[in-house]
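Reader: I am new to this one. Could you take me through it in short steps?

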Amino acid sequence: MAFRKPPDGGWGWVIVVVSFFTQFLCYGSPLAVGVLYLEWLDAFGEGKGKTAWVGSLANGIGLLASPVCSICVSSFGARPVAIFSGFMVAGGLMMSSFAPNIYFLYVSYGIVVGLGCGLLYTATVTITCQYFDKRRGLALGLISTGSSVGLFIYAALQRELIELYGLDGCLLIVGALSLNILACGSLMRPLESSSSPPPEKTCVDKVPDQYFVYHEKEKTVEENISILEKGYIDEKCVNNMPDCKQDSILSKNVLSSININEKDTYKKKVVEQTNFCKQLAKRKWQLYLTYWKETMVLFKNKVFSALFVAILLFDIGGFPPSLLMEDVARSADISEDDYYMPLISIIGIMTTVGKLVLGILADFKWVNTLYLYVTTLLMTGVALFAIPFAKSYLTLAMLSGILGFLTGNWSIFPYVTTKTVGIEKLTHAYGILMFFAGLGNSLGPPIVGWFYDWTQEYNTAFYFSGFCVLLGGFLLLLAALPCWNACTNQSSKLPPNTYSYKVASNA
């Protein structure tokens, strides 16, 4: 399929708007799952660690399955994947309203909704990149704020719906709202080249069907010949009865010679196809070996290895507050009358601000994005250490705002990855890092919940979270020191005959 040059405008701005609302609708409930988390604790009476798996799966499974999501979008296109995923998200939310136990929620909310969100994220990013080149950064920044705005609005919306209609009614209404993703997906018109002429048919394709012996591919050579022989004899018998017997003998002699030639041709084709399959399998195997060699080359880069550890530890320690902050406030015996705004809503709106501010800072030439990212990690660790000392709504709200702002460092993470490995290796490196980010998202909240189940308080849990984030930040800072620059610049080059990333970087 041929694509036109990205127009950097026109229908592309419609794509930006529908992608923004797609991320708003699909990520609103999973990111604001902390409100539902409290209700599930009361409804099923399970431990905090076991219940936290629902929200962690919903947010982590999409990142874990990012390679599968990319293959689906590449194979079927952004529009069909977005429409199909809209049914997944809406269906998963509606099924969750009928959940008889926490294990049902693992599948309906954690896996179905989470996988649908991952597919939608990949579809929106892919279609936006196709429509934008010069303004791609701006377009991606605008659509990425959709999830943060969704977190801000859905936190208050789900709480209000629970008070009015209960937990089951809330999930049904939120699932119905998610059906609007279908309308957004239908507007994701692929950027096809309408003016390009259709490919010319080969000489074989131009031959009419009646001249082919293999007109029905399902039949063997012998079956086709027998059908042709029967039809030829029947026709001659009807038209000229006296010559029927003589023509029958003649036709058998002619068709027997055709049979021999066709069998030889058939055997030759089988040999050619067998050799082709062997060469294709050998080439695929070489590509897999090259992929693993490139992966080993990446991990020889000290900064990339430290970045891999840092993103894993950051998501283990930094993601739980967005899920558990409401329960932290309830555990601190803060009255609901003191609530001016849900803490999760504060995290959501400040994440939006953080993405924009940190993204603008990263564009300045005098700002080292790697050190800026390390600074956000260290500040996040300090803020997590301060949560056990917060005993009022005001202090928890301030810490929620700080954590939300620092979580906006997701907007500069692609810059950091590019600076670390280079643009040619970005696709490979970013896929690996996102997989481990999803692993951290999936493990973080249950670990914090298990700490509470063991100690019956959140202090130890957030000390552990803060330690994880600080450890990742210090390791990345140590690897990024100037004394390692010589080693980084002399890192091994890609193996020969490698071309996959040049294609990916131009997408």
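Author: One term comes before the rest. Buried means under 20% relative accessible area, exposed means over 50%, and partly exposed lies in between. Also keep in mind that this is a predicted model.

Reader: Is Glu326 buried or exposed?
Author: The cut-off for buried is under 20% relative accessible area. Glu326 has a relative accessibility of 2%, so it counts as buried.

Reader: Which residue meets the side chain of Glu326 in a salt bridge?
Author: In general, side chains of opposite charge can pair when their charged atoms come close. Here the N to O distance is 2.8 Å, and the partner of Glu326 is Arg159.

Reader: How many residues apart are Glu326 and Arg159?
Author: Glu326 is in helix α13, while Arg159 is in helix α7, residues 136–178. The pair links distant parts of the chain. The separation is 167 residues.

Reader: How many salt bridges does the structure hold?
Author: The pair of Glu326 and Arg159 is a salt bridge. The total for the structure is 5.

Reader: Which residue forms a salt bridge with Asp327?
Author: The closest N and O atoms are 2.8 Å apart. The partner of Asp327 is Lys48.

Reader: Which helices hold Asp327 and Lys48, and how many residues apart in sequence are the parts they tie together?
Author: Asp327 lies in helix α13, and Lys48 in helix α3, residues 48–64. So the pair ties together parts whose separation in sequence is 279 residues.

Reader: Are Asp327 and Lys48 buried or exposed?
Author: The limit for buried is under 20% relative accessible area. Both Asp327 and Lys48 are buried.

Reader: Where do Asp42 and Arg330 lie, and how many residues apart are they?
Author: The side chains of Asp42 and Arg330 meet in a salt bridge, with N to O at 3.4 Å. Asp42 is in helix α2, residues 33–44, and Arg330 is in helix α13, residues 320–331. This pair also links distant parts of the chain, at a separation of 288 residues.

Reader: Is Asp42 buried or exposed?
Author: Exposed needs over 50% relative accessible area. Asp42 has 53%, so it is exposed. Arg330, at 37% relative accessibility, counts as partly exposed.

Reader: How many residues of α13 are buried?
Author: The buried ones include Pro320, Leu323, Met325, Glu326, Asp327 and Val328. Helix α13 is largely enclosed by the rest of the structure, because the buried count among its 12 residues is 10.

Reader: How far does α13 reach from its first C-alpha to its last?
Author: Helix α13 has 12 residues. At 1.5 Å a residue, 16 Å is expected. The model comes close to that, at 15 Å.

Reader: How far apart are the end C-alpha atoms of α2?
Author: Helix α2 has 12 residues, so at 1.5 Å a residue it should span 16 Å. The model agrees: its end C-alpha atoms are separated by 16 Å.

Reader: Which residue has a positive phi although it is not a glycine, and where is its place?
Author: Most residues other than glycine have a negative phi. This one has a phi of about 60 degrees and is Gln456. The place of Gln456 is the loop between α18 and α19.

Reader: With which residues is Ser465 in contact, leaving aside neighbours within four places in sequence?
Author: Ser465 is in helix α19. At 1% relative accessibility, Ser465 counts as buried. Its contacts are Gly317, Leu384 and Val448.

Reader: Which residues make the nonpolar surface patch of about 370 Å²?
Author: One member lies in helix α7: Leu177. Leu177 is partly exposed, with a relative accessible area of 32%. The patch is made by Leu164, Tyr165, Ile173 and Leu177.

Reader: Where does pLDDT stay under 50?
Author: The chain averages a pLDDT of 77, and 73% of the residues score at least 70. One stretch under 50 has 19 contacts beyond four places in sequence: residues 196–225. Another stretch below 50 has 3 contacts beyond near neighbours in sequence: residues 235–242.

Notes
Residues numbered from 1 in each chain as written. Predicted model: local features only at pLDDT ≥ 70, side-chain atom pairs only at ≥ 80, totals over all residues. Heavy atoms only, no water. Salt bridge = Lys/Arg side-chain N within 4 Å of Asp/Glu carboxyl O. Helix = DSSP H or I, 4+ residues; strand = E, 2+ residues; numbered from the N terminus. Buried < 20%, exposed > 50% of the residue type's maximum accessible area, 1.4 Å probe, protein only. pLDDT = per-residue confidence, 0-100. Contact = heavy atoms within 4.5 Å. Expected span 1.5 Å × (residues − 1). Patch = residues over 30% accessible without salt bridge, like charges linked within 9 Å, V, L, I, M, F, W, Y side chains within 5 Å. Areas by Shrake-Rupley, 256 points an atom, 1.4 Å probe, with all protein chains shown as cover.
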